[in-house]
Amino acid sequence: MPRTDPKKPPCPADACIAFEDLTAGYGSHAAIHHLSGKLERGTLTAVVGPNGSGKSTLVKCITGLLAPMSGTCRVATDASLAYLPQQSELDRSFPARVVDLVALGLWRERGLLGRHRAEDRRAVADALRAVGLEGFETRPIDSLSGGQLQRALFARVLVQDADLILLDEPFNAIDEKTIRDLIGLILHWHGEGRTVVVVVHDLDLVRAHFPQALLLARRPIAWGSTAEVVTPDNMRRARQFQEAWDEKAPWCEPSPAPVRGVA
Amino acid sequence: MVDGVVAPFMEFAFMQRALAGALLLSLSACPVGVFLMLRRMSLTGDAMSHAILPGAAAGFMLYGLEIVPMTIGGLIAGAIVALGAGAVARLTVQKEDASMAAFYLVSLAIGVVMVSLRGSSVDLMHVLFGTVLALNDDALWLIGLVASVTLATTVLLWRALVAECLDPLFLRSVSRLGGAVHFAFLGLVVLNLVAGFQALGTLLSVGLMILPGAAARFWVNDVLAMCVVSVGIGIVSSLGGLLLSYHASLPSGPAIILSAGVVYLVSLLAGPRGVLRPALPRRHHRTA
């Protein structure tokens, strides 16, 4: 994945991700604009905001799947990345077993032709145990429930063993016990010093478990420690943004004082 | 019984060649068909088989019923349509099914116009429906070559092919191979259609690709197993079709595809994942 461009300056040493006036979107419409700041290594950040506020767009920019319209989004060159998208293009009718799905996480290590070794099979088995799917190894993926599939996808992230983990709304339509287990994994990753970014809608979860938060409403509303970001006042401001695209919307002029976050 | 099955192949060299060609084609085209089906691109295979017609026709107009020029022409036409449709799908909002339909329809029309400008309807029938009973050395070598290339590429790209079908977005997040694999795969589709059209004709060569793979889906739930089963079904259909053609004096291409169609129907009805099994009343179920 092309995450760095030799022409651009590298990411600052202490940061895992650095944004500089990042604007990204679809066509000429920005889904997120004028985001500047950096995410330090080893932080656990929740990205919150109403529907259409640019959360997924931001995550796609970080993965490199979406190129910015202007500004930059730089990821530390030495950081490996694992991404769990919101709208997975996973084909659930594909004749694969749970282990086949989870073993995709070995791609960075083994690539196209590398043989899967005993240690790889062990890593897959360990990951399945960690997400509570022991005994599901040979189950076809079309027989999994929504929660079980999400656990399997978390197992794949575990196997990827990445420095930077991006999870886009991983708790949608998932029961409470599963959410508790998955939150446990996220906190474990945080404890291991990995940088984790999670798009979340449930503000109670954010307050309870996430030290840092970034509140988006197309532009950044607030970014910093969760207690200062997720406040009634900020949430009210975030709700007031205009979700629909307007063909007659004025062209964006640089704002005098953009929110600058250091998380 | 044995006489009816073995004797035709013992006695006639053209039957041996036909059998060799059909077996090689089964080995090569059936796994490609499995991946076409898993990627929900079975109809793309059908479209591509129409798309190679003008290339084959151009070779036919210039050199007559010769394998090499017709093959090269077919490859060129197939590549133009595959790349053109793929490029439109990747660069615009239009999905590949629509762009593929647009490209192949134009291609098919050009092909039919070219064949009808010159030549009789017998020639057109040759191009459209093939002549498996008249495979010459060149044609067999070509089919063998395509089979080798196909098997080697499939083994080499196996993991990426599976990943691209199972979770394309994930593959894009860890590797840049996705696009290359897609086009390499379309290349294999075109190669196998071109290899098949001398034997089965441009319109029916896709049948030996699609039907065995589609039938295999009713028996097993594992990609590798599906490939193996589909090759087996391809071989059985080839044998059955050639014998049917010999004994009933039917055109060989359609006879092979019809045999594959019968296997498909049987699989649809009797396979463990077919229509009848779930309809059977189940007296017992496990508690977990």
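Two residues are taken to be in contact if their C-beta atoms, placed from the backbone, lie within 7 Å. By that criterion, among contacts in chain B between residues at least 6 apart in sequence, 71% join residues at least 24 apart. The model described here is predicted.

Chain B contains 14 helices and zero strands. Its radius of gyration is 20 Å, close to the 19 Å that the globule rule gives for 288 residues, so chain B is as compact as a globular protein of that length. Along the principal axes, the C-alpha atoms of chain B fill a box of roughly 65 × 55 × 30 Å. Of the 288 residues in chain B, 49% are buried.

Chain A is divided into domain 1 (7–79 + 164–263) and domain 2 (90–162). The C-alpha centres of these two domains of chain A lie 27 Å apart. Their contact draws 10 residues from domain 1 of chain A and 10 residues from domain 2 of chain A. On the domain 1 side, β6 (164–168) and α6 (176–191) of chain A each supply at least two residues. The largest share of that side, four residues, comes from α6(A).

Chain A also touches chain B, in a contact that takes 18 residues from chain A and 19 residues from chain B. The table gives the residue classes of two contact sides.

| Contact side | Nonpolar | Polar | Charged |
|---|---|---|---|
| Domain 1 of chain A, touching domain 2 of chain A | seven residues | one residue | two residues |

Notes. Residues are numbered from 1 along each chain as its sequence is written. Chains are lettered from A and ligands numbered from 1 in the order in which they are written. This is a predicted model: local features need pLDDT of at least 70, side-chain atom pairs count only at pLDDT 80 or more; totals for chains, interfaces and linings use all residues. Domain bounds come from an automatic or database domain assignment. Ala, Val, Leu, Ile, Met, Phe, Trp, Tyr, Cys and Pro count as nonpolar, Asp, Glu, Lys and Arg as charged, and the others, Gly among them, as polar. The radius of gyration is taken over C-alpha atoms; the globule rule is 2.2 Å times the number of residues to the power 0.38. A residue is buried if 20 or more other C-beta atoms lie within 10 Å of its own, exposed if 12 or fewer, and partly exposed in between; C-beta atoms are placed from the backbone.
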